[in-house]
Amino acid sequence: MTRQATIRRDTKETRITLALQLDGGADTTVETGIGFFDHMLGTLAVHAGFSMQLSAQGDLCVDGHHTVEDVGIVLGQAISQALDTRAGIARFGQASIPMDESLASVALDLSGRAFLVYGAPAGQPMVGSYDTCLTEEFWRAVCQHAGLTLHITVCGQNAHHMTEAIFKACARALKQAVRVEGTSVPSTKGSL
């Protein structure tokens with residue numbers, strides 16, 4: 001079974017192409033024009049066991065919002081497409097990841113229902129050219145387009161550490177949730 005997807009999104013604000021393989025197998029390359037965001041997406045791929053080839057051009061002359069949100073949309077679509085009917089997946093995942101003074105805890109359900117609970121103060125407003133309030137926008141877009149229920153909490157003081165702990169915790173929880181455990185759809189309804 002090949003669990004992969006290729007998504008292209010072209011708007012007046014962004015042009016994004018993403019090839020995602022849930023079970024790895026290729027090098028990850030990420031280019032969004034926002035250095036810290038590239039680092040977070042690379043971290044996500046490594047800790048989830050995914051491989052991704054992502055190219056995004058956005059209206060960074062405005063700010064990073066459209067690029068970050070639209071990458072979240074495309075990633076969510078790719079996860080959903082790669083999971084197909086979601087038959088055989090573990091469905092649930094959770095992880096707590098420390099990074100120095102910060103601790104992020106995540107629980108998620110690939111239920112087909114989109115919901116985000118985000119309990120994470122932004123800390124400092126910027127990490128490099130990345131606006132830390134966009135982390136919530138990114139994960140909301142992923143949830144809406146992947147059919148993902150996601151709860152995130154973080155404590156800490158340094159915005160870099162807090163954001164990176166969130167991405168690593170989400171990655172580890174996704175790795176658990178997409179794991180193949182059988183052949184049936186993990187729901188009493190028979191579908192997700």
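Helix α1 (residues 35–48) lies across β3 and β4 and runs at about 155° to β3. Helix α2 (residues 65–83) also packs on the sheet, where it touches β1, β2 and β4. Here contact means heavy atoms within 4.5 Å. Helices (H or I, at least four residues) and strands (E, at least two) are DSSP runs, numbered from the N terminus.

This is a predicted model, in which local features need pLDDT of at least 70 and side-chain atom pairs count only at pLDDT 80 or more, while totals for chains, interfaces and linings use all residues. Residues are numbered from 1 along each chain as its sequence is written, and side-chain values use heavy atoms, with hydrogens and water left out.

The angles are these, taken from 0 to 180 degrees between N-to-C directions, with axes fitted to C-alpha atoms, for helices over the stretch in contact:

| Pair | Angle |
|---|---|
| α1 and β3 | about 155° |
| α2 and β2 | about 35° |
| α3 and α4 | roughly 15° |

Now to the sheet itself. Four strands form an open sheet in the order β1-β2-β4-β3, with mixed pairing; two strands pair if DSSP finds at least two bridges between them. β1 (4–10) and β3 (29–31) stand at the edges with a single partner strand each, so one side of each has no neighbour in the sheet. Strands β2 (residues 14–21) and β4 (residues 51–58) run antiparallel, joined by eight bridges, and Ala19 stands opposite Gln53 in β4.

Elsewhere, the axes of α3 (residues 134–146) and α4 (residues 159–178) come within 11 Å. Thr135, Phe138 and Trp139 in α3 meet Thr163, Ile166, Phe167 and Cys170 in α4.
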